[in-house]
Amino acid sequence: MSTAFEPVLLRPLPRPLAPFPEEALGSYWRRLADANRVPVDRLKVPSRWLQSTSDSPAETVRRLSLLTGQSPAALWRALPELKWWQEAGFRAVPGSAGREPRWACRRCAAAHAPGQQIVLFAPARHHHVCMRHGLWVGKAAHRPQDQVDLTQLPATVRAQRWHHRLIRRHGDTLITQCLDAARGLWQKLAAHCRSLGTDELHDIVGKQPGARSGWGPGLYAMAYPGMVAAMSMAATPFWRSVVAHNGHPDDIGRLLAEFYRRLPHDAHLRADHDLDRLGQECAMVMRRIDRYFDGQGAQAQDL
């Protein structure tokens, strides 16, 4: 028995590129097309008359391996969409993976592929700083040009390490709940950073590509240490219990005092002396997390 003949006109590209770790499949195709000055559609199907009938992950890997000279194993490791597509039958990022498409650190991209921009699937909720190059790659960094240099914000870099320690200690599920519950607080903390003197704010974020002195990624980067401090308190049963059932002023005062204590000494939030009004917002974060645990307990009883 013979199989059907399926000719495929593929040959190694003049300028093959290696994929970036965790790179999006569309980003890799685009970079290959740009480097070789070929439209993406023509790169995928070089012949208008001979087209492959298969579009499976294995066939995609085979084509990319022929075009780039990369081994199939290397492509499987570097391109997560192929793995999800093979295992779950869809090409979109699964929600359980907690990963979202995001621009890679522009300095990492320049070292890997000079002159090209890379999109990768990153743990967006928990990864906001490129620790290798000290760039803000998280909230509000919608373009590579928006990735603020954190040289003058060392507390923000340390807050990313703190964030990772919280995940190791309390687990991804709880810290994700804390992060979701504190999103409104992060916005308010950024607003407090915005109230700093114009000259100081411009010195910190105004000179960076894409950063805006009015509102932008630099403000969220400045507020990030306060956000992580609040998350660390929300992950602690004691501080949740302090404000779980009432909002007595003394309890709010204790909560705010602990927030100040956990805030890094060089965090720019300390320059704002009108943080007292954040006490109620911190208390709301604790109550949201407490309600989450109450709901989990109720589900366990139902089972």
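The crossing of H8 and H11 is right-handed. This is a predicted model, so take what follows as computed from that model. H8 covers residues 172-181, and its axis comes within 9 Å of the axis of H11, with a crossing angle of roughly 125 degrees.

Which residues meet here? On the H8 side they are Ile175, Cys178 and Leu179, and on the H11 side Met227, Met231 and Ala234. By class, this contact has six nonpolar residues, no polar ones and no charged ones.

Now the other partner of H11 that I want to show. Helix H9, residues 183-194, has an axis that comes within 8 Å of that of H11, residues 217-234, and the two cross at roughly 130 degrees. H9 and H11 are therefore oblique to each other as well. The handedness is again right-handed for H9 passing H11.

The residue list for this pair is as follows. H9 contributes Arg183, Leu185, Trp186, Gln187, Leu189, Ala190, Cys193 and Arg194. H11 contributes Leu219, Tyr220, Met222, Ala223, Tyr224, Gly226, Met227 and Ala230. Sorted by class, the contact of H9 with H11 holds twelve nonpolar, two polar and two charged residues. Met227 of H11 is on the list for H9, and Met227 also meets H8.

Next, helix H3, residues 57-68. How far apart should its ends be? With twelve residues at 1.5 Å a residue, H3 should span 16 Å, and its end C-alpha atoms are 16 Å apart, so the two agree.

Is H3 enclosed or open? Nine of its twelve residues are buried, so H3 is largely enclosed by the rest of the structure. The buried ones are Pro57, Glu59, Thr60, Val61, Arg63, Leu64, Ser65, Leu67 and Thr68. Just after the helix, Gly69 takes a positive phi of about 80 degrees.

Last, the whole chain. The protein has 14 helices and four strands. Of its 303 residues, 48% are buried. As for contacts, take those between residues at least 6 apart in sequence: 68% of them join residues at least 24 apart.

Definitions and conventions: Residues numbered from 1 in each chain as written. Predicted model: local features only at pLDDT ≥ 70, side-chain atom pairs only at ≥ 80, totals over all residues. Heavy atoms only, no water. Expected span 1.5 Å × (residues − 1). Buried < 20%, exposed > 50% of the residue type's maximum accessible area, 1.4 Å probe, protein only. Axes fitted to C-alpha atoms, helices over the stretch in contact; angles between N-to-C directions. Parallel < 35°, antiparallel > 145°, perpendicular 65-115°, else oblique. Left-handed = near helix turned anticlockwise from the far one by under 90°. Contact = heavy atoms within 4.5 Å. Nonpolar A, V, L, I, M, F, W, Y, C, P; charged D, E, K, R; others polar.
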